[in-house]
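The following questions and answers concern a predicted model. Please study the sequence and the structure before reading on.

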Amino acid sequence: MSWITGVGLLPFGRHEGKNTIDLMSEAAALALDDAGLKRGDIDGVLTGYATTMPHIMLATVFCEHFGLSPAYAHGLQVGGATGFAMAMLAHELVAAGRLKHVLVVAGENRLSAPGGRDKVVETLAQVGHPVHEVPLGPTIPAYYGLVANRYMHEHGVSEADLAELAVLMRTNAATHPGAQFREPITVADVLASKPIARPLKLLDCCATADGAAAFVVSRERTGEAAVRIIGAGQAHTHQHISEAPSLTEFGARLSMDRAIAASGRRLATTGADYLAIYDSFTITLAILLEELGLAPRGQSCRMAREGYFSRTGTKPLNTHGGLMSYGHCGVAGALAHLVETQLQMTGRAGNRQVADAGLAFLHGDGGVMSSHVSLIMERQA
Amino acid sequence: MSDMIRYQRCTPCRHVWYFVRSFCPKCGAREPQALEASGSGVVHAVTIVERAPTPDMKALAPYTLVMVDADEGFRLMAHGTPGLAIGDRVSGSVIELAGRPIPFFKRA
């Protein structure tokens with residue numbers, strides 16, 4: 001068992017003049033304060049990677065700067081799944097009795113670093129195969145554009161359907177002061193936005209941001225917060241979309257089944273009070289919702305339109321606005337989903353508060369639906 | 001310039017694949033056969049890249065990327081002629097594009 005004893009999240013958007021370590025330090029300080037812990041209490045540190053600061057020892061660089069000398073520290077890389085993978089590892093280390101308080105922290109000046117969005121697009125395209133894919137000039141949206149084209153073909157989903165998920169994330173972001181994009185949008189706006197990799201358009205895509213997030217995973221509670229991780233699982237089916245076993249069936253269900261098995265409980269995603277699901281693109285969110293059993297195949301967008309995934313709906317989802325509208329600054333992008341989950345489960349989400357978040361299911365993917373990590377969080381009764 | 005698309009086949013287990021390796025990723029057997037494909041296949045997925053990643057590719061945008069299921073049983077990513085759609089029968093070969101060898105498909 002492990003507890004999420006403190007969380008910290010910066011506004012996402014532009015943080016001019018700040019680098020990865022600056023941003024990570026700000027989020028880490030917030031998380032420590034929230035947990036009521038001092039630097040000396042932290043005996044484990046996990047970081048991800050930063051495209052704007054490639055370093056072979058990011059965790060140690062951070063620890064030195066922030067003023068930590070933990071018994072255990074390292075970085076970890078599984079693309080977009082890194083955030084939840086760090087949470088899973090922190091949980092396992094704490095549950096095994098190895099560590100008392102693990103600080104998980106990530107941040108990146110992805111938007112304001114030299115090169116800006118152009119550099120980000122070029123750098124991230126490198127998740128493709130260096131010989132058989134990257135020379136063709138694909139981008140991350142192109143890999144997902146291929147997936148979207150096939151998924152829409154097989155399940156009768158339209159571009160207007162997918163747009164519903166972008167609209168929902170923007171509606172949610174409008175209520176969060178830290179979100180990068182808060183102006184309401186319509187399905188027509190999404191359809192009219194600049195084409196990026198058809199069928200995906202600008203508003204189907206996550207937003208490049210600067211930002212950071214952090215949380216502390218502890219063996220014992222440190223205060224009022226009584227939210228714990230009760231299960232975690234992973235699945236890795238491929239790296240490159242060319243070698244994916246399928247363009248319409250991925251590892252999400254397998255990963256979540258393992259998380260449920262690890263909980264030792266008879267749980268189903270349909271029992272969730274709150275959902276935190278990776279939304280790098282509208283198509284990512286649609287596929288993950290459907291694969292995780294939260295909507296029948298091809299129906300997630302219709303259900304979103306009908307309010308099922310809205311804050312006041314049956315299954316509130318990414319109430320902070322997700323990667324599409326709160327913003328995406330790399331590893332911290334998914335950490336924001338977890339921070340928001342903890343705030344909802346502790347009744348601290350203010351005007352975004354959902355009715356009752358006792359049980360939450362979280363899921364992230366990295367690469368092109370390649371690496372999957374699932375978490376289950378529960379509030380102690 | 002035009003060349004055949006190549007793939008590999010495992011002699012013991014008959015598995016076929018596209019990403020070049022010195023062993024079979026399924027059974028581990030060494031020294032797989034290197035074969036030339038017919039170039040015939042079916043379009044599995046399509047995207048049109050409007051936002052290219054690099055200056056040299058921006059000169060070509062928009063361009064059509066396809067996933068093709070080759071008749072020999074492997075799948076590959078390639079460039080294709082505009083207008084290709086899922087299910088189209090295509091034929092392809094390796095051509096030079098932006099100064100590098102690129103598999104390219106057109107409607108058969």
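Two strands pair if DSSP finds at least two bridges between them.

Q: In which sense do strand 5 of chain A and strand 5 of chain B pair?
A: A pair of strands requires at least two bridges. Strand 5 of chain A and strand 5 (residues 40-49) of chain B are joined over two bridges, so they meet the requirement. The sense of their pairing is antiparallel.

Q: Which helix of chain A supplies the largest share of the side that touches chain B?
A: The contact takes 25 residues from chain A and 24 residues from chain B. On the side of chain A, helix 4 (116-124), helix 5 (140-155) and strand 5 (195-198) each supply at least two residues. The largest share, seven residues, comes from helix 5 of chain A.

Q: How many residues of the side of chain A that touches chain B are nonpolar?
A: This side includes eight polar and five charged residues. The nonpolar residues number twelve.

Q: Is Phe361(A) buried or exposed?
A: Phe361(A) lies in strand 10 (residues 359-366) of chain A. Leaving aside neighbours within four places in sequence, its contacts are Thr269(A), Ala272(A), Leu275(A) and Ile376(A). A residue is buried if 20 or more other C-beta atoms lie within 10 Å of its own. Because Phe361(A) has 28 C-beta neighbours inside 10 Å, it counts as buried.

Conventions: Residues are numbered from 1 along each chain as its sequence is written. Chains are lettered from A and ligands numbered from 1 in the order in which they are written. This is a predicted model: local features need pLDDT of at least 70, side-chain atom pairs count only at pLDDT 80 or more; totals for chains, interfaces and linings use all residues. Two residues are in contact if their C-beta atoms, placed from the backbone, lie within 7 Å. Helices (H or I, at least four residues) and strands (E, at least two) are DSSP runs, numbered from the N terminus. Ala, Val, Leu, Ile, Met, Phe, Trp, Tyr, Cys and Pro count as nonpolar, Asp, Glu, Lys and Arg as charged, and the others, Gly among them, as polar. A residue is buried if 20 or more other C-beta atoms lie within 10 Å of its own, exposed if 12 or fewer, and partly exposed in between; C-beta atoms are placed from the backbone.
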